[in-house]
Amino acid sequence: MQRELIDRIRALMDEGVATRVLGWKKGEFFYDTEPAILTAEQLDQLVYDSFCGPNLSKYLIQEMPKLEGKIIALIKPCDSYSFNQLCTEHRVDREKVYVIGVGCKGKIDVDKLRARGITGITAIDEDGDTLTVHTLYGDETVNRHEVLLNKCLTCKGKEHRVFDEQIGESEDTSAGADRFDMVKKLEAMTAQERFEFWRGELSKCIRCNACRNVCPACSCVKCVFDNPNTGVQNKAAADDFEENMFHIIRAFHVAGRCTDCGECSRVCPQGIPLHLLNRKFIADIDDLYGEYQAGEEIGQRHPVINYTQEDCEPSVVRERGNQA
Amino acid sequence: MSVNTEWKPKIVAFCCNWCSYAGADLAGSSRLSYPADVKIIRIPCSCRLNPLFILRAFQRGADGVILCGCHPGDCHYSTGNYYARRRMTLLFSMLSYLGIDSRRTRVEWVSAAEGPKFAATMNDFAKTITELGENVKLGDLRCKEN
């Protein structure tokens, strides 16, 4: 598929559709795939394999002012939601992007391989659902579904919400999992248990800001966390409160715009399940204001900047019980 | 002279300039009493209340935060309180999700003519917060008075 993709992009560039492509290239190791903007000469560096987890939509923002013609962007089905959301917010100009919808059968989390004690990975062969991992210490076989990225386990489906053309097949990897499972589990806990759960998680935060930088919804030109007057400017948290505040405010700022792409949790070096905060907002919005999926179409008005006269009162939170 | 060491809650009330702030005035001029622990901050509309303000209040040692605005449909700017209603619902739900008692946060709609309702609301809220005791879950140690 990678070959087919490169050939097609080269053909498009020859036709003069665009001069550059936003895709992925290999990083330090073959499993460290990183986003890259490549010209026709660099096209051979382009990779598309099972390690292309990163969501590319946000990288288009910085390209917009530089563009004279178009840029080709490789968009996976789940990334197409972020792409639409950025178009809705006028951060990305749909007219300036030639979207190739690339098929996705779930991406592999190399940390999950390591957690199984597989280290010294030198190469991976894929044959359907079976992965053969070549390591310095011999070969191992793993079922592909057991080492998928967490975000792939709650896959939003195989349908591209936006594309100019599609290449490759997609496959839904969610296997019927309910993405709100963990949110419900937390809601069922007592307040003290929840508090302790979140203290345990959020106290691991080192304020590297990776979650903010990768988040396609966190696209403000001026971020509140860059303002030195907030007292929470890019720095290590000095107190429990700052950890809480950073994550509450960040989750609140993306409420209604979060497409649940799961990038925040994927990039967190401390493994904090940050998507659970965003999912709580999504669950509440679905529950109180009607089902809503950000990025489904371009031009949606999200529920947090909308209202109806019959909305519930904030006391609904108290009335739900299980708050004390 | 004896020093009163009894713990008193700190309550921050964000009041809309066009209704609850005048309601608080009316409560005063009607000589209705409400606890002196309630610190009123005037805002131009309930939707001016940035969620960050609420967290900030808790950081600086508030034990409870209440937002008072115009009744839905009566907003001076037509629709501000409808937006505030959605935002506060989501924020309170999130605070509850993080294990912070949802009785510490409240929204009440109080018009300029409702002096007695303002006093009653504040009395009730102060009573709730006194029962809950000091807020320890969202405080900042550096802001603590010794």
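View 1. Strand 7 of chain A and strand 8 of chain A make a hairpin in which 2 residues lie between them. Strands (E, at least two residues) and helices (H or I, at least four residues) are DSSP runs numbered from the N terminus. The model is predicted: local features need pLDDT of at least 70, side-chain atom pairs count only at pLDDT 80 or more, and totals for chains, interfaces and linings use all residues. Residues are numbered from 1 along each chain as its sequence is written, while chains are lettered from A and ligands numbered from 1 in the order in which they are written. Strand 7 and strand 8 (residues 138-143) of chain A are antiparallel and share 6 bridges; two strands pair if DSSP finds at least two bridges between them. T130(A) lies opposite N143(A) of strand 8 of chain A. Strand 6 (residues 121-127) of chain A also pairs with strand 7 (residues 130-135) of chain A, in the antiparallel sense and over 6 bridges. I124(A) has V133(A), in strand 7 of chain A, as its bridge partner. The hairpin of strands 6 and 7 of chain A has 2 residues between the strands, and G128(A) in this hairpin adopts a positive phi near 60°.

**View 2. Packing of helix 6 of chain A with helix 11 of chain A.** Helix 6 (residues 181-188) and helix 11 (residues 275-289) of chain A pack at about 85°, and their axes are 9 Å apart. Axes are lines fitted to C-alpha atoms, for helices over the stretch in contact, and angles run from 0 to 180 degrees between N-to-C directions. The two helices are therefore roughly perpendicular, a term for angles of 65 to 115 degrees. M182(A), V183(A) and L186(A) of helix 6 of chain A meet L276(A), R279(A), K280(A) and A283(A) of helix 11 of chain A; residues are in contact if their C-beta atoms, placed from the backbone, lie within 7 Å. By class, the residues of this contact are 5 nonpolar, no polar and 2 charged. Ala, Val, Leu, Ile, Met, Phe, Trp, Tyr, Cys and Pro count as nonpolar, Asp, Glu, Lys and Arg as charged, and the others, Gly among them, as polar.

**View 3. The open sheet of chain B.** In chain B, 4 strands in the order 2-1-3-4 form an open sheet with parallel pairing. Strand 2 (38-43) and strand 4 (105-109) of chain B are at the edges with a single partner strand each, so one side of each has no neighbour in the sheet. On average, neighbouring strands of this sheet are turned by 20° against each other, direction ignored. Strand 3 (residues 64-69) of chain B runs parallel to strand 4 of chain B and is joined to it by 5 bridges. C68(B) is placed opposite E108(B) of strand 4 of chain B.

**View 4. Packing of helix 1 of chain B with helix 4 of chain B.** The axes of helix 1 (residues 20-29) and helix 4 (residues 115-132) of chain B are 7 Å apart, at an angle of about 90°. Helix 1 of chain B contributes S20(B), G23(B), A24(B), L26(B) and A27(B) to the contact, and helix 4 of chain B contributes G115(B), F118(B) and A119(B). These residues comprise 5 nonpolar, 3 polar and no charged.

**View 5. The contact of chain A with chain B.** Chain B provides 33 residues and chain A provides 32 residues. Helix 3 of chain B gives the most to the side of chain B that touches chain A, with 14 residues.

Definitions and conventions. Contact = placed C-beta atoms within 7 Å. Parallel < 35°, antiparallel > 145°, perpendicular 65-115°, else oblique.
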